[in-house]
Amino acid sequence: MSSTLLEVTRSAHEEVERLERLIVKELQTDPSSNKDRLFQSHRVHHMIDTITVTTEKLVDIYEDKDNARKDEIAALGGQTATGTNVFSAFYDRLKEIREYHRRHPAARVVDPNEDFEVLLKEEPLIEFSGEALAALGLKSGGTVQQRAERLFLTKDTPLEKLDKKHFAKGSRGQEQNGVSAVNSFKEIALMEAKINKLCELLEETVDRTKDNIVKKQALTYEEIEAEREEEDTQADTESDDDDQQIYNPLKLPMGWDGKPIPYWLYKLHGLGQEFKCEICGNYSYWGRRAFERHFKEWRHQHGMRCLGIPNTKNFNEITSIEEAKELWKRIQERQGVNKWRPDLEEEYEDKEGNIYNKKTYTDLQRQGLI
């Protein structure tokens, strides 16, 4: 099921979004030790690398140099070399889905979050590749122990005082390392400036947060209990207000929020005006909008079917049985030999309000599509 290009695209977008949420969740956790902080950093960088690779794959898909994505979208719309055939494309895709579930009858729904949540718990495999060395212009070869010893030389000894044998072949030695150190200092200074600016912008918020924490820490046990009881009382009061009986002396219809609609809206839509339809068995409809809509609903259609009259637009606004029969008689006389064809002229409506003739409606219902 994941072999199609569009499914691969959807899966890639899902993976990127899930990894972004996991990065946020990971960074919300405060590591308890330097080791945990190091592991956290490696996990985050690993997820960022995965997002980068997936994004590059998505860019290639959207560029669509081989037109594979365009052809697949066209196939979904039923476009073939001989023309457009929507039903053929639909049944081909339906057959593919059924065949997949037939081959995998024991397939179960797997929560994709389970696999990614493991990333937040596992201990990353960290290899000392000698990069913290290549950036400084030092040799990055040898065993892990040799690379580590070479790196620890820079802890207490400036780069310009190191023996030239520790530098990589072709590097400019002290001059190159001096430039690298200067660049590193510039980056650190820039980061410090950004942090200071953020602290200035958030100074008021941080101060209010500190004051609130200090205030809560200074409360006694009795004061904390008093605040908790006050919050519970407010919650109970709000709940009692919701449970109170709604006052509705004018018997107005209820709105979407469970409360009576405004009286001006009631008058605007004419909901106090009653319309009766004899064809519907003298059923009452309140408001002009409901009355106009009922001509396409099942009750009116059933009444017209019982009279042997097609429920077409010619009979809109007609609620009397005698008037409907008289109009149908005049239509038949006007048509002469052209008799009414129920398969093509009788109208049916599905749950979504789509109108079909009898033949099309029966075919779609037989196939289980409506």
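Helices (DSSP runs of H or I, at least four residues) and strands (DSSP runs of E, at least two) are numbered from the N terminus, and these names will guide the tour. The model on your screen is predicted, and for that reason local features need pLDDT of at least 70 and side-chain atom pairs count only at pLDDT 80 or more, while totals for chains, interfaces and linings use all residues. Residues are numbered from 1 along each chain as its sequence is written, and side-chain values use heavy atoms, with hydrogens and water left out.

**The whole chain**

Begin with everything selected: the protein chain has 15 helices and 6 strands. Of its 370 residues, 20% count as buried, where buried means under 20% relative accessible area, exposed means over 50%, and partly exposed lies in between, with a 1.4 Å probe and protein chains only. The accessible surface comes to about 28500 Å², and 52% of that surface belongs to carbon and sulfur atoms; such areas come from the Shrake-Rupley method with a 1.4 Å probe, and for residues only the protein chains shown count as cover.

**Helix α1**

Next, select R18 and E14, whose side chains meet in a salt bridge at 2.6 Å, N to O. A salt bridge is a side-chain nitrogen of Lys or Arg within 4 Å of a carboxyl oxygen of Asp or Glu, and the structure holds 14 of them. Because R18 and E14 are 4 residues apart in helix α1 (residues 5-27), about one helical turn separates them. R18 is buried, with a relative accessible area of 6%, whereas E14, at 29%, is partly exposed.

**Helix α4**

Move on to E99 and R102, which both lie in helix α4, 3 residues apart, or about one turn of the helix. Their side chains also form a salt bridge, with an N to O distance of 2.3 Å.

**A loop**

Now select A168, in the loop between α6 (144-156) and α7 (174-201); at 29% relative accessibility, A168 counts as partly exposed. A168 and A134 are 34 residues apart in sequence, and their C-alpha atoms are 8.1 Å apart in space.

Select E297 and R293, which form a salt bridge with their closest N and O atoms 3.7 Å apart. Both are partly exposed, E297 at 30% relative accessibility and R293 at 44%.

**The largest cavity**

Finally, select Q301, M304, R305, I309, N311, E346 and E347, which line the largest cavity. On a 1 Å grid over the protein atoms alone, a cavity is a set of points where a 1.4 Å probe fits but cannot get out, and lining residues have an atom within 4 Å of a point. The volume of the largest cavity is about 40 Å³, and helix α12 (residues 298-307) gives the largest share of its lining, 3 residues.

Terms used: 1 Å grid on protein atoms, 1.4 Å probe; cavity = no way out; pocket = protein on both sides within 12 Å on 5 of 7 lines; lining within 4 Å. Points joined across faces, edges and corners; volume = space filled by probe spheres on them.
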